[in-house]
Amino acid sequence: MVSMRRQNNSPYPGNQVSPYMDNTIYQAAKTALTARGDAARGWSIGWKVCQWARMLDGDHSLKIIQNLMRLVDANITISDPNGGTYPNFFDAHAPFQIDGNFGACAGIAEMLLQSHAGFVHLIPALPAAWDKGSVKGLRARGGFEVTNLEWKLGKVDKVSIKSTLGGNLRLRSNEPLMMADGTPLALAEGSNDNPLNQPYNMPAADVKDATKIPEGNLPTTYLYDIPTTEGQTIDLVPQSATAISSIHNSQLVRNAHHIHVTIHNCYNVQGQRVTDNYKGVVIRNGQKFVK
């Protein structure tokens, strides 16, 4: 389908393969991984967890993790092609290979966070079985630390990201997001101007028959550009959130007859711009008012 003579690097740990950059290369890598099968042990089984995470196939990554966690007898020999885990949780690549343990940990991190394609991608390869969960402390290219990430029903529910270096945070999410105070986010446009988080410029592939290349079928996601300063923490919530958990009575500016708020770039708690006729809680310049 595709000549790999110039594209001989695997999806992981490199940054050359992503369906968001080049579907042709992505499909070629996916075909090669499928042909190799799932049987593995030691470093290879951990590596395959990472590879399928880069294919955005969390269910396949989880299947390989389950293969890795297969309990095996301490007397297993090198003739067993499927590997597994000893009762002491050491990876079984007779006699033992720590690469399988570390590789699986790296793969789980890739299932929950990726940043090799020019943006920070939240839960890019989440298995259906992990429909609810949380993670803390994952790091992304560009000096970004995901200090807290929570998801429900497979969708981002809350995320806090610390910018250790400053610069643009280009963020991809499977749920439309807004600032925790209701301020809307700007949709990404053009190239990412953060020099520490750039996509790889892959040369065009040599394709013999383009009709054999499957079309990309990517899930719906939302891509934002968020300017940050060094040391700043960004708190984000879904646009669909209706509860105003961060608002307390002392924060609401009001009087007995309701205050007059001039509607100019005001938004509701869903991050939607509102008109002067709107009644309720509005956000303007990061402050909340009851109108």
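Student: Okay, a charge sits over a ring if NZ of Lys or CZ of Arg is within 6 Å of the ring centre and within 35 degrees of the ring normal. Which phenylalanine does arginine 172 lie over?

Tutor: Arginine 172 lies over the face of phenylalanine 119, at 4.4 Å from the ring centre. Arginine 172 also lies over the face of tyrosine 20, at 4.0 Å from that ring's centre.

Student: And how far can I take these numbers?

Tutor: This is a predicted model, where local features need pLDDT of at least 70 and side-chain atom pairs count only at pLDDT 80 or more, while totals for chains, interfaces and linings use all residues. Residues are numbered from 1 along each chain as its sequence is written, and side-chain values use heavy atoms, leaving out hydrogens and water.

Student: Is strand 8 buried or exposed?

Tutor: Strand 8 (residues 167-173) is largely enclosed by the rest of the structure, because 6 of its 7 residues are buried. Buried means under 20% relative accessible area, exposed means over 50%, and partly exposed is in between (1.4 Å probe, protein chains only). Strands (E, at least two residues) and helices (H or I, at least four) are DSSP runs, numbered from the N terminus.

Student: What does strand 8 pair with?

Tutor: Strand 3 (residues 120-122) runs parallel to strand 8, joined by 2 bridges, and valine 120 stands opposite leucine 171. Strand 12 (residues 222-228) runs antiparallel to strand 8, with 7 bridges; there, leucine 171 has tyrosine 224 as its bridge partner. Two strands pair if DSSP finds at least two bridges between them.

Student: In what order do the 5 strands of the open sheet come?

Tutor: The order is 2-3-8-12-10, with mixed pairing. Strand 2 (113-114) and strand 10 (186-187) are the edges, each pairing on one side only. Strand 10 is antiparallel to strand 12, through 2 bridges.

Student: New topic! How many aromatic pairs are there?

Tutor: There are 3 aromatic pairs. One of them joins tryptophan 43 and tryptophan 47, tilted, at 5.6 Å centre to centre and 40° between the planes. Rings of Phe, Tyr and Trp (its six-membered ring) pair if their centres lie within 6.5 Å; planes under 30 degrees apart are stacked, over 60 edge-to-face, and the rest tilted.

Student: Where do tryptophan 43 and tryptophan 47 lie?

Tutor: They lie in helix 2 (residues 43-54), 4 residues apart, about one turn of the helix. Phenylalanine 90 and phenylalanine 96 form a stacked pair, 4.3 Å centre to centre with 25° between the planes.

Student: Is phenylalanine 90 buried or partly exposed?

Tutor: Phenylalanine 90 counts as partly exposed, because its relative accessibility is 38%. Phenylalanine 96 is partly exposed too, at 34%.
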